[in-house]
Amino acid sequence: MKFIASLVLTALLSFTGCLFFPWWTIAIAAFVVAALIPQSAGKSFLTGFLALLLLWGGLSFWISSNNDHLLAHKVSVLFLKQDNPWILIIATAFIGAIVGGFSALTGSLLRKLKQA
Amino acid sequence: MRILFFVLSAFITGVLIFALNTSWKIGGVNSPLFGAFLSPQHGFWQNAESTSEDFTADLKFEQLSGKVTVYFDERLVPHVFAEQENDALFVQGYLHAKFRLWQMELQVFAASGRASEILGEKGLAHDREFRRLGMVYAAEIAEKEMEKDPLTKSACDAYTAGVNAYVNSLTESTLPLEYKLIGYKPEQWSNLKTMLFTKYISYDLSARDDDMEMTNAKGFFPPSDFAKLYPAIQDSLDPIIPKGQPFLPQSIFPVAPVSEDSAYMNKIVAAQETEKPDPGNGSNNWAVSGTKTKSGSPILCNDPHLGLNLPSLWFEIQISTPTFNVYGVSFPGAPYVIIGFNDSCAFGVTNGGRDVRDYYEIQFKDDTRKEYLFNGTYHATKFRVDSIKIKGKADFIDSVAYVQLGNDLCPVMFDKTYSGGRTTNNKNYAVRWTAHNPSNELKMFTLLDKSKNYSDYTAAVMNLHSPGQNCAFACKNGDIAIRTQGNWPAKWKGQGDFVMPGTDTSYLWQGMIPQDEVPYLYNPERGFISSANQKPVDESYPYYIGRNYPMYRGYEINKRLAAMSNITPQDMMALQTDNFNPVAAMLMPLFIKNINDASLSATEKKYADLLKNWNLRNDIGSKGATVFETLWTNLLDTVYDDEFAKAPLNTMRPFESTLAEGLLKDSAYQFLDDVNTASIETLSDELTSVFKKITPALEKAAAEGKLEWEKFKATHVDHLAKLPALSRRNLPIGGSAHNINATKENHGPSWRMVISLTAKTEAYGVYPGGQSGNPGSKFYDSFIDQWAGGKYYSLWMMTNDEAKDSRIKWTMRFSKS
């Protein structure tokens, strides 16, 4: 339950925050949620990781689908030297996820530090 | 232990965020900040425009005085209906910015020598070249001149306010893609930037000269050879103003200095500009009168040939106010429609191509450049100090000397502090260029867009000073006309073909040809007017206008128009996209006669046969066209390389027409002989040697499946940042430099337009691009296939009561807040 709640809250807070603030707001969102909702360090990491994996992956997939992947084709050739929108969507999701995961882990470890 | 884990985790998180928020050098290129760039809410995903994007909007701005409604049709062409002219121009600025902001700013950065701010040190050579040419100086003069005219001043103010209204609405996520890629932010627009843009067009169309290369040629070749290598007139020339047409009496009588001939002797210069406008910056335009058309009404056609880029130089628009209604293409960066039609007439331009930029050798007293010699005494130099910002480096300070030459303050472009590619000497050259003269080109377009008849048109185009253009005109009342309009120096014969001494008044320009004395043609008996950058007049014209003009397209167009009757707009489209090769048509009989099969190997003969069976057209699929173009280019080198072997590095090569006419006149053309051999070479020998030279390249192309002309040529429309992923490559399109369809590798018809001035105007047009500059929009390159296929769109001059028409997809309403 805590896992689902943390995950949804992290994603929601990231999304709302990024409407107004820079991209690294996702790190703050994952950090804060993990610091407030007690979970094991491993679960916290997974929560942050999955929350951003789903958010960034979902958003980029949704945007790109509506665009018939026109731009993803071009940007993937530009940076990955191969025409593959899916790798670009996966890369986006993974970058968000890794930042989310480590931020959440840091938040969770901070909470444990204070408990001790 | 716990604290260690925490610190470690915090450290990793910090490093991650830092790494993703930093620009890295990858393969010599600065990467975007990957965190922001990939963030679906901030980065490039935000530029992935939905294919069903809704452009409908309700916008309020306090700068507006009335209402403006913009109807977008299915091609994203805006039809702007405004109650007031300035409101319409505000909205034009807003729309240009909305769809083309990055391009607009890039063009201005390039014009003003600010490329280094974006590109870093590799932009510095360009920046110095442009600043030393006085581009900003020219724009400042133009701005002052523009401000004297209340109409254009208020138009520019409105346009600038419109651009800035959009710039100010941008957020991190709505920034155009290229800003995110390169990592910078747009600035505010200004009237000076609009002027810089117009000077950029002047540069592109009127800053090409061969003065230094010609000077080297003059110093190197004996006079008899020089006259043959660079003839002043071409036999096949069919000028814009037909031969025999009388001209207005001369009002300025330029006098050649007595030392004229000796001044150029032994003046070998090795200067070379770091960049030059494309020699193919030309165009076609023509108009046929009602006597030659099926409908009985005139038809006007225009296709300006320019560099092919994405986003395109052009943006299609209709502007309608109670006082005027115009449709056509506009320049993102400037108000008004440039080429198009209104309810009464149509207009289009081709480049005048005359030499309006000359160099004067300046003698400074010493290396401080503080004083220069003029008319026997030393005068104080004025300095303009430019601080060039370089991304990631300290500013580069460049001080440019300006010298007063007669009435004109001219920048000393080349001196000891700047060589521009110069390799040997240490001479100083000031540049005299008509784009430095005060002029107000936008006034031409504010008047032209509203022109109702020939006298309105004449009054409008007389405001065009730089770049000088051949302005074609046709009117519903039946009139057709062309004026070779511009600020043309009245030169003595040969003036400015070479660099000139700048130590006294004698070599300076002695006046400008009055604007009403330019060659023009109004309702000629032959029933058509045309221009294709050929020399506008024959030798009977009283002023000297130089020698370097391409003539074959003009020759072909005139021949075809003269033979046509009962013309329909479809005939005109077929003519605009025609791939017949007039140079080849003249030369091929001579080549066929002189190709010596016996001297060719089996492989070489295979290509000779392809050539012999060629139909003289640079069509898609033609292998003969590939052989001819390769052969001709190489023949030009082979014939002259021996004569030029010992010439200075940077010496003018003969024009293509010089070799063509030399061969046609005399099959034992003097320069065919290789001066390094004892024997006398003939055309037959030269053709054999060229076939031997080109066969490996043709074999290679054949092996790669690229022998067909369109594959060999591989026309591409490049993104302005030269990013292949954002460009369109290998377009299936025929044509070549001397075809009426002058589509080259990366250069060609940048807008094709055919306007039939029947009671209800019938208009067609297409450009190789799309209305949106956003590479993530489906409108980014949506016209390219249509353009490559030689097809046109019907241009819809919408009326106010057609708001419910099914072609309208979105509506943007602007009103006062």
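Just after helix α3 of chain B, G113(B) takes a positive phi of about 70°. This is a predicted model, in which local features need pLDDT of at least 70, side-chain atom pairs count only at pLDDT 80 or more, and totals for chains, interfaces and linings use all residues. Residues are numbered from 1 along each chain as its sequence is written, while chains are lettered from A and ligands numbered from 1 in the order in which they are written.

**Helix α3 of chain B**

Helices and strands here are DSSP runs numbered from the N terminus (helices: H or I, at least four residues; strands: E, at least two). Helix α3(B) covers residues 85–111 and spans only 28 Å between its end C-alpha atoms, whereas a straight helix of 27 residues would span 39 Å at 1.5 Å a residue. The expected span of a helix is 1.5 Å times one less than its number of residues. A kink of about 100° is centred on R100(B) in α3(B); the bend at a residue is the angle between axes fitted to the seven residues ending there and the seven starting there.

A residue is buried if 20 or more other C-beta atoms lie within 10 Å of its own, exposed if 12 or fewer, and partly exposed in between, with C-beta atoms placed from the backbone. In α3(B), 27 of the 27 residues are buried, so the helix is largely enclosed by the rest of the structure.

**The open sheet of chain B**

Eleven strands of chain B form an open sheet with mixed pairing, in the order β3-β31-β4-β5-β9-β10-β11-β12-β20-β21-β23. Its edge strands are β3 (57–61) and β23 (520–522) of chain B, each of which pairs on one side only. Two strands pair if DSSP finds at least two bridges between them. Neighbouring strands of this sheet are turned by 15° against each other on average, direction ignored. Axes are lines fitted to C-alpha atoms, for helices over the stretch in contact, and angles run from 0 to 180 degrees between N-to-C directions.

Within this sheet, β4 (residues 68–73) and β5 (residues 78–82) of chain B pair in the antiparallel sense over five bridges. T69(B) has F81(B) as its bridge partner in β5(B). Helix α3(B) packs on the sheet, touching β4, β5, β9 (315–320), β10 (325–330) and β31 (808–816) of chain B, and its direction makes about 155° with that of β5(B). Helix α14 (residues 454–461) of chain B also packs on the sheet; it touches β12 (345–351), β20 (469–475), β21 (480–485) and β23 of chain B, and its direction makes about 15° with that of β21(B).

**Pairing around β25 of chain B**

Strand β25 (residues 715–719) of chain B runs parallel to β8 (residues 309–310) of chain B, and two bridges join them. N309(B) has D718(B) as its bridge partner in β25(B). Two bridges also join β25(B) to β26 (residues 728–731) of chain B, and this pair runs antiparallel. Here T715(B) stands opposite L731(B) in β26(B).

**Backbone exceptions**

Most residues other than glycine have a negative phi, and most peptide bonds are trans. The table gives backbone angles that depart from this pattern.

| Site | Backbone angle |
|---|---|
| L310(B) to P311(B), cis | omega near -10° |
| S466(B) to P467(B), cis | omega about 0° |
| K81(A), not a glycine | phi about 55° |
| Y336(B), not a glycine | phi about 80° |

P311(B) is in the loop between β8 and β9 of chain B, and P467(B) is in the loop between α14 and β20 of chain B. Y336(B) lies in the loop between β10 and β11 (339–342) of chain B and counts as buried, with 28 C-beta neighbours inside 10 Å. K81(A) is in the loop between α4 (70–80) and α5 (85–115) of chain A and counts as exposed, with 9 C-beta neighbours inside 10 Å.

**Chain A and its interface**

Chain A has five helices and zero strands. Its C-alpha trace spans about 50 × 25 × 25 Å along the principal axes, and buried residues make up 56% of its 116 residues.

Contact between two residues requires their C-beta atoms, placed from the backbone, to lie within 7 Å. By this criterion, 33 residues of chain B are in contact with 34 residues of chain A. On the chain B side, α1 (2–20) and α2 (34–38) each supply at least two residues, and α1(B) gives the most, with eleven residues.
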